[in-house]
Amino acid sequence: MRIIRYPHPTLRHVSKTIRRVDAELTTIVERMFDLMYEAQGIGLAANQVDLPLRFFVVNLAGKPGEGEERVFLNPVITRPKGSEESEEGCLSLPGMYGDVTRPKQVRIHAYDVSGNVIQEDASGMLARVLQHELDHLDGVLFFDRMDEMKRLKFTDALEQLESEFAEAVASGELTSVAEMAARRSEWERTYC
Ligand code: ZN
């Protein structure tokens, strides 16, 4: 398992509701925290590790043994309040940072891996991370929400990632796009 980068098609896939949690999924969650810490992130969505499943992990401390490790299964966000612009980055868009305007406060409804209901009102950094990660599950990347002119600064970096992706597929380092889709369907058959 590894973190995939733009323009891997799983990043544009709308993740389906999870209807099963088993030992393998629990292991996947642990591995996702490890990958997130290695990459110095504070949130990671399942489709960023090429899994079309509706969940993400968060630890605002970004370090193992610090902060709180949280898993949000089948999250839904409601009651957006206020608006705030702040800089975001993404582990699937290395080196890119840009200002994104989002609601300041949101309510999240989700489940943890034991099936307990999570419902809370989030603000500040947590509200931003929850919205960024939920966007991933809907196939949305942070630059989609950026001002069109501000987004122009990413042109070269995105083209670079596009050519790296094409090379990785051509060299066999990544599977073909058709095989990626087949693999997603397989995961969905098991968990959704
Ligand atoms: Zn991201």
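**Exercise 1. Is Cys90 buried or exposed?** Work this out, then describe the zinc site that Cys90 belongs to.

*Solution.* Keep in mind that this is a predicted model.

Step 1. Start with the cut-off: a residue is buried when its relative accessible area is under 20%. Cys90 has 10% relative accessibility, so Cys90 counts as buried.

Step 2. Apply the cut-off again to His136. At 1% relative accessibility, His136 counts as buried too.

Step 3. Look for the atoms around the metal. The zinc ion has Cys90 (SG), His132 (NE2) and His136 (NE2) as its protein donors, at 2.0 to 2.3 Å.

Step 4. Read the donors along the chain, and you find the spacing C-x41-H-x3-H. Cys90 sits in strand 4 (residues 84-90) and His136 in helix 2 (residues 124-137), so this pair ties together parts that are 46 residues apart in sequence.

**Exercise 2. Find helix 1, compare its reach with the expected one, and say what its buried residues pack against.**

*Solution.* Step 1. Helix 1 covers residues 23-38, which is 16 residues. From first C-alpha to last, helix 1 reaches 23 Å, close to the 22 Å expected at 1.5 Å a residue.

Step 1. Now pick out the buried residues of helix 1: Leu25, Ile28, Val29, Met32, Phe33, Leu35, Met36 and Tyr37.

Step 2. Follow these buried residues to their partners. They pack against strand 1 (43-45), strand 2 (55-58), strand 3 (70-81) and helix 5 (177-191).

Step 3. Check what comes after the helix. Gln40 follows helix 1 and has a positive phi, near 60°.

**Exercise 3. Trace the five-stranded sheet: what is the strand order, and which strands are at the edges?**

*Solution.* Step 1. The five strands form an open sheet in the order 1-2-3-6-7, with antiparallel pairing.

Step 1. Strand 1 and strand 7 (117-123) are the edge strands, since each pairs on one side only. On average, neighbouring strands of the sheet are turned by 40° against each other, direction ignored.

Step 2. Zoom in on two pairings. Strand 2 and strand 3 are antiparallel and share four bridges; here Phe55 stands opposite Leu73, and Phe56 has Phe72 as its bridge partner. Strand 3 and strand 6 also run antiparallel, joined by five bridges, and in strand 6 His109 is the bridge partner of Val76.

**Exercise 4. Which residues have the most contacts inside the largest nonpolar core?**

*Solution.* Step 1. Recall a general idea: in soluble globular proteins, nonpolar side chains tend to be buried together.

Step 1. The largest nonpolar core here has 20 residues, and Met32, Leu53, Phe55 and Val57 have the most contacts inside it. Helix 1, strand 2, strand 3 and helix 5 each supply at least two residues of this core, and the largest share, eight residues, comes from helix 1.

Step 2. Take Phe55 as an example. Beyond its neighbours within four places in sequence, Phe55 is in contact with several residues, among them Leu25, Ile28, Val29, Met32 and Leu137.

Step 3. Finally, look for another group. A second, separate core of 15 residues includes Ala45, Phe56, Ala127 and Val129.

Terms used: Residues are numbered from 1 along each chain as its sequence is written. This is a predicted model: local features need pLDDT of at least 70, side-chain atom pairs count only at pLDDT 80 or more; totals for chains, interfaces and linings use all residues. Side-chain values use heavy atoms; hydrogens and water are left out. Donors are N, O and S atoms within 2.8 Å of the metal (3.2 Å for Na, K and Ca); water is not among the atoms, so sites may look incomplete. Buried means under 20% relative accessible area, exposed over 50%, partly exposed in between (1.4 Å probe, protein chains only). The expected span of a helix is 1.5 Å times one less than its number of residues. Contact means heavy atoms within 4.5 Å. Two strands pair if DSSP finds at least two bridges between them. Axes are lines fitted to C-alpha atoms, for helices over the stretch in contact, and angles run from 0 to 180 degrees between N-to-C directions. A nonpolar core is a set of buried Ala, Val, Leu, Ile, Met, Phe, Trp, Tyr and Cys residues joined through side-chain atoms within 4.5 Å.
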